[in-house]
Amino acid sequence: MSEPTPEQIATIAQTYRLLGDATRLRILLVCLQGPLPVNEIARRTEASQSLVSHHLRLLRAARLVKGTRQNKQVFYEAGDDHIRHMLADMIDHVAEH
């Protein structure tokens, strides 16, 4: 593994700050299940649609989720497989202890 640049370190730190919020983390975990509209993400996380929309904006800006418009709805999913692997590794790590 190569040493990250200062900019990369700042981005990684910001990513972990975003994931430090339990609601955002739950939203991201739900988005791993495939493309879902905001109302379904809200239902699965038991959060309001406005709160989910707010958190999705932050997660999208950090490229942790991506949205695809279909007609009038936007469907959100994990940004890429790196996100999936990072979260799976963290879940495995926590389960070991």
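## Overview of the chain

Helices (H or I, at least four residues) and strands (E, at least two) are runs assigned by DSSP and numbered from the N terminus. This report describes a predicted model, in which local features need pLDDT of at least 70 and side-chain atom pairs count only at pLDDT 80 or more, whereas totals for chains, interfaces and linings use all residues. Residues are numbered from 1 along each chain as its sequence is written, and side-chain values use heavy atoms, with hydrogens and water left out.

The chain contains five helices and three strands. Read from the N terminus, these elements follow the order α-α-β-α-α-β-β-α. The C-alpha atoms occupy a box of roughly 45 × 30 × 20 Å along the principal axes. The chain has 97 residues, of which 33% count as buried; buried means under 20% relative accessible area, exposed over 50%, and partly exposed in between (1.4 Å probe, protein chains only).

Three strands form an open sheet in the order β1-β3-β2, with antiparallel pairing; two strands pair if DSSP finds at least two bridges between them. Strands β1 (36-37) and β2 (65-70) are at the edges with a single partner strand each, so one side of each has no neighbour in the sheet.

Six bridges join β2 to β3 (residues 73-78) in the antiparallel sense. Along this pairing, Val-65 has Ala-78 of β3 as its bridge partner, and Gly-67 stands opposite Tyr-76. The two strands form a hairpin with two residues between them, and Asn-71 in the turn has a positive phi of about 60°.

## Helices on the sheet

Helix α4 lies across β2 and β3 and runs at about 115° to β2.

## The contact between α3 and α4

The axes of helix α3 (residues 38-45) and α4 come within 9 Å of each other and cross at roughly 110°. Helix α3 is therefore roughly perpendicular to α4 (under 35 degrees is roughly parallel, over 145 roughly antiparallel, 65 to 115 roughly perpendicular, and the rest oblique). From α3, the contact uses Val-38, Asn-39, Ile-41, Ala-42 and Thr-45, and from α4 it uses Gln-49, Val-52, Ser-53 and Leu-56. These comprise five nonpolar, four polar and no charged residues; Ala, Val, Leu, Ile, Met, Phe, Trp, Tyr, Cys and Pro count as nonpolar, Asp, Glu, Lys and Arg as charged, and the others, Gly among them, as polar.

Within α3, the residues Val-38, Glu-40, Ile-41, Ala-42 and Thr-45 are buried. Their cover includes α2, β1, α4 and β3. Just after α3, Glu-46 takes a positive phi of about 55°.

## The nonpolar core

The largest nonpolar core has 22 residues, and those with the most contacts inside it are Ile-41, Val-52, Leu-56 and Tyr-76. Such a core is a set of buried Ala, Val, Leu, Ile, Met, Phe, Trp, Tyr and Cys residues joined through side-chain atoms within 4.5 Å. Two or more residues come from each of α1 (6-19), α2, α3, α4, β3 and α5 (81-96). Helix α2 gives the most, with four residues.

Apart from residues up to four places away in sequence, Ile-41 touches Ile-27, Val-30, Cys-31, Leu-36, Val-52, Leu-56 and Tyr-76.

Ser-50 is exposed because its relative accessible area is 56%, whereas His-55 counts as buried because its relative accessibility is 6%. The C-alpha atoms of Ser-50 and Val-38 are 9.0 Å apart, although twelve residues separate them along the chain. Neighbours within four places in sequence aside, His-55 is in contact with Asp-21, Thr-23, Arg-24 and Ile-27.

Leu-18 belongs to helix α1 and counts as buried because its relative accessibility is 7%. Its C-alpha atom is 9.1 Å from that of His-55, which is 37 residues away along the chain. Not counting residues up to four places away in sequence, Leu-18 touches Arg-24, Leu-58, Ala-62 and Leu-64.

Terms used. Contact means heavy atoms within 4.5 Å. Axes are lines fitted to C-alpha atoms, for helices over the stretch in contact, and angles run from 0 to 180 degrees between N-to-C directions.
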